Amino acid sequence: MATLFQRVFSGNDAVYGLTEGIIDKAIEQYGEEKAVSFPGTAYSLPCYYAVTGTKVTNLKELKEALGVVKTLMTRENELNDVFMSGVATALCAEFIEVIKYIDGATPYEEPCYGHLGDPVIRELGVPLVTGDIPGVAVILGSAPTAEQGVALVKSYQAQGILVTLVGGIIDQCQEMGYKTGANVRVIPLGKDVTSVIHVVSVAIRAALIFGNVTPGDAGALMTYTKDRVPAFVNAFEPLDDVIVACGAGAIALGFPVITNDDKDVPPIPKSLIIQKDVDKWNATSLEARDIKIKITNIDIPVAFASAFEGEIIRKG
Amino acid sequence: MSDFKLTTIDEFDAATERLLETGRKVGADSWQLRVKNQTPHCKFGEQGICCRICSMGPCRITPKAPRGICGCDADGIAGRNFLRFVAGGAATHSDHGREICHTLSTVSRDGNYKVKDPEKLLRIAKEWGVETEGKDIYDLAHEMAELALMEYGKPHGVQRWLSRAPKHTQEIWHREEIEPRAIDREVSTAMHMTHMGNSSKAEALVRQSLRTGMSDGWGGSMCGTEFSDVMFGTPKPVDTEANLGVMKEDHVNIIVHGHDPSLSEMICEYAEDPEMVALAKSLGAKGINVAGVCCTSNEVAMRRGIPMAGNFLQQENVVLTGACEAIVVDVQCIFPALGPLSKCFHTKFITTSPIAQMPDSDFIRFNARTAGENAKKIVRTAVENYVNRKPELVHIPQLKQKATVGYSVEAIIKQLDKVANSQAEPTGTTKPLIDCITSGVLRGVVAMVGCNNPRVRPDSAHVELMKKLIKHDILLILSGCSAQAAARAGLMDKRAKDLCGAGLKRVCELADIPPVLHMGSCVDISRMVVLASQIAKDSGLNISQLPIVGCAPEWMSEKAVSIGNYVVATGIDTYLGVAPQVTGGPKVTELLTGGIRDWVEAAYTVETDIEKLGDQMIERIEEKRRALGI
């Protein structure tokens, strides 16, 4: 059985290999000078920029950046190496994602959002700071049943928590006809696991915009996200090495991961928590992230929360 | 950013050097000088091959004289000397434990000593199969005291505390015949075996060394710790300060030094007595300041947050400040040098125990039954001495650090509960710690203990090893003078987390602990073997499989060797920075550093290069991890 650290390293290696391939192919196809950028952001590749202080403008620089990422992939058996490997995984995901946007492409379509522009963050930032949005849930994979998945999403939504979705849970919401969208604070990001970077990007830009973290100060960045961005990850089984590596990145930023995968995943107090019962994920996650919500339960037949404020009621 | 900074060994040394200047001014002797006078040491003694247990000798082993007059060879002599060394240590801890049990038999609702932790008493009673239902807690305390005292001399059976160990460990002890019977019996057997014309076989002597050590750790010391908790409260996290800077120039400074908390607890009580405080003020002092040296300091720091002035090799420095009104001592590790030294200053050197009587001291006999009046008299003597201070000799080095201490097993488990998710995980276990170790966030645990020894630059091995280990995500549990070295350096300040690897740092932040945990005095190393047992039970592993090692980098006393023996016999590899005096006996040396592994699944490693000692501990921990596939 591989240790947790080996799984993170192997997941990171897999993503790195993939990223290298994709960048090389893009260079072959478009040439080194081809511009790369995300739409609607002043922070270049926000994650890479925040961690290294360097902006990336074209494929040549992206390839160089990959070399920098490689240096984060140290392989000692210590948590720092695992954290950095997790961060490296996230940066690779950002590289893969940005290539999707080459030539102003729109790689994501309804209901998925993919990359979120700066205005969305500025809009969400204030309620995040005031506590109106008490937390950010990142739900990854497919729930055991669509009902359970939607119930989980709804439970967070009713608490005013911002919910982001990656992978099978998006289909499950659609299947159940559950309304999603930034206006109701349930944001499907994308079906690929790499699309999770778009919520990481939100947390990181929050640190740059509101936390005044200097780009390149990775330590300050991680402290800010740990102390100030109340995010957590809910990852459904099965967790493959890539997801485990992404999880390490989340934990590095201070975000606990809650999963129902109890095979080959050793729990880590306050960081990687195994909760077989998905119905308890809400309570488990809030406790893990020290999110305390004072709820006055108004006994009404519909859900009630600030998240529904932007909801659009269509005719029919 | 925080302005936190460790105090360096250089700063320690500079402070000492400044105090020695005062000493030279008043013509004081010092251990530094006496070390010079004793160097070089006798090689026969150093190697353990000088025998003086009968009057045919002294004999010594040389290539030309490979046997003593009785025919005993080098291994016989080294083994016997080692066993006597262990017996000395075990007797010391055990007698300390016995005193505590006697004190327990004096507890009463309105007496000097009370039951402060009735829950713990009930827990132990249950463990020992004593009926508690409907019993007055004080009657129960007296009954338990009697039972505990019987552990010292019962004719049949083995130590009750052994049942706390995992089954596998108990089986080893039984199989290897190292289960301690009555505590005193093992010391007596050791003395018997080492008499002229008894055991001279290395295996037999080493085996009895282990059993004698066991009678300490799983007998006498455990009695001391457990019943001290019952009477004085089970330690929980408390903030305090450490190093000489805790002494106050405008206060009456009373230093408690020694081991038994029965004395120091009472001194602390009376130092707060309004009558005594008023007396101090009437004599021009701002108040009474109690600080500690050595293990009695650890005891009152753990339970009351009383500041720690220093460890073993600081004891003379305390007097050299010229601001010590009284150094009040009971037993063990007290330099007789304090007598003549205190005569160079106004300091009263107050001995209190018939066990430790010294020339040039004021003997105020301390007794559990008259503890209150004894303590009051001692405090009064100190306070009245304030007027005799010689201001021109006063210099208190302004070095001190904050420390959070008080990590008993109970407190550690309570702290771990805070990081357990109540929705998903059990509480009241060591599981969060096991999870951290299994996942690799923590690589392992090192129990660092032991003394100072002039053979090592004071505290340098303790502090350097700790810095190295925490950087490598290894959690440290500490006791004794090792713990005080950490506290004085600043490693028990929670801000020291920034010196850790990412894993330990995260653990410190989430569990709100410093990276090195003070578990108490030297008898409290019994807490460590209980903790190891608990971890083994909660994880389903054997103690010897856990990535845990013990270390005594600057050990000096017989007690330390007794401790080493019970730690090894419990299945925990133990690393020594000072060589035991057995190197002249090849078989004995081989057994201790290898052979006993076949018996108890652990052994000693001796390495005087401290850097290498640290590397070897890390490597051993990683080796254990690999064996577990974690």
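How many residues does the contact take from chain B and from chain A? The contact takes 27 residues from chain A and 27 residues from chain B, where contact means heavy atoms within 4.5 Å. The model is predicted: local features need pLDDT of at least 70, side-chain atom pairs count only at pLDDT 80 or more, and totals for chains, interfaces and linings use all residues. Residues are numbered from 1 along each chain as its sequence is written, chains are lettered from A and ligands numbered from 1 in the order in which they are written, and side-chain values use heavy atoms, without hydrogens and water.

The size of an interface is often given as the accessible area lost when the parts come together. Here, chain A and chain B bury about 2,100 Å² between them. This buried area is the accessible area (1.4 Å probe) that two parts lose on being put together, summed over both. Carbon and sulfur atoms hold 56% of it. Three residues, Gln423(B), Ser439(B) and Arg506(B), supply 28% of the area that chain B buries against chain A.

Chain A has 11 helices and 6 strands. These are DSSP runs, numbered from the N terminus: helices are H or I with at least four residues, strands E with at least two. Its C-alpha trace spans about 60 × 45 × 35 Å along the principal axes. Of the 316 residues of chain A, 58% are buried, meaning under 20% relative accessible area (1.4 Å probe, protein chains only). Among contacts in chain A with a separation of 6 or more, 72% join residues 24 or more positions apart.

Definitions and conventions
Buried < 20%, exposed > 50% of the residue type's maximum accessible area, 1.4 Å probe, protein only.
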